[in-house]
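Trainee: I would like a close look at one part of this model. Please take me through the charged contacts and what surrounds them.

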Amino acid sequence: LLSDVRTQERESRDATKGDAAHLLAENKRLERSRAELLVAFKKQLKLVDVLKRQKLHLEAARALQFTEQEFLATLEVGTA
């Protein structure tokens, strides 16, 4: 009877240790996954910022082109 109780206690301790080890491994895996997601999110934010800057530069270039065309048209009218 006493040996059965000790065996059961030992088995339950081993099962608890196994569960704890499994949970720790799962926790580490989830933390790594979270860190990777954060890195990817930060990279996406940087890319969005770059795209916004590119858009602003394109708009400025278009505005400059229109201004240049108006200036050339004014010069042509002035010489005629």
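Mentor: Start with R29: its relative accessibility is 42%, so R29 counts as partly exposed. Keep in mind that this is a predicted model.

R29 has a charged partner. Its side chain meets that of E26 in a salt bridge, with 2.6 Å from N to O. E26 has a relative accessibility of 30%, so E26 also counts as partly exposed. The cut-offs behind that label are simple: buried is under 20%, exposed is over 50%, and partly exposed lies in between.

Why are R29 and E26 separated by about one helical turn? Because R29 and E26 are 3 residues apart in helix α1, which covers residues 2–79.

Now the other pair. R53 forms a salt bridge with D49. The closest N and O atoms of R53 and D49 are 3.1 Å apart. Both residues lie in helix α1. R53 and D49 are 4 residues apart, about one turn of the helix. D49 has a relative accessible area of 35%, so D49 is partly exposed.

How many salt bridges does the count give? The count comes to 2 salt bridges.

The protein chain has 1 helix and 0 strands. Its radius of gyration is 35 Å, well over the 12 Å that the globule rule gives for 80 residues, so the chain is more spread out than a compact globule. The C-alpha trace spans about 120 × 10 × 5 Å along its principal axes.

Of the 80 residues, 0% count as buried. The accessible surface of the chain comes to about 7900 Å². Carbon and sulfur atoms hold 62% of that surface.

F71, L72 and L75 make a nonpolar surface patch of about 300 Å². F71 is found in helix α1, the helix that also holds R53 and D49. Is F71 buried or exposed? F71 has a relative accessible area of 53%, so F71 is exposed.

To recap the part you asked about: R29 pairs with E26 at 2.6 Å, and R53 pairs with D49 at 3.1 Å. R29 and E26 are 3 residues apart in helix α1, while R53 and D49 are 4 residues apart there.

Note on methods
Residues are numbered from 1 along each chain as its sequence is written. This is a predicted model: local features need pLDDT of at least 70, side-chain atom pairs count only at pLDDT 80 or more; totals for chains, interfaces and linings use all residues. Side-chain values use heavy atoms; hydrogens and water are left out. Helices (H or I, at least four residues) and strands (E, at least two) are DSSP runs, numbered from the N terminus. The radius of gyration is taken over C-alpha atoms; the globule rule is 2.2 Å times the number of residues to the power 0.38. Buried means under 20% relative accessible area, exposed over 50%, partly exposed in between (1.4 Å probe, protein chains only). Accessible areas come from the Shrake-Rupley method with a 1.4 Å probe; for residues, only the protein chains shown count as cover. A salt bridge is a side-chain nitrogen of Lys or Arg within 4 Å of a carboxyl oxygen of Asp or Glu. Patches are made of residues with over 30% relative accessible area and no salt bridge: like charges are joined within 9 Å, nonpolar side chains (Val, Leu, Ile, Met, Phe, Trp, Tyr) within 5 Å.
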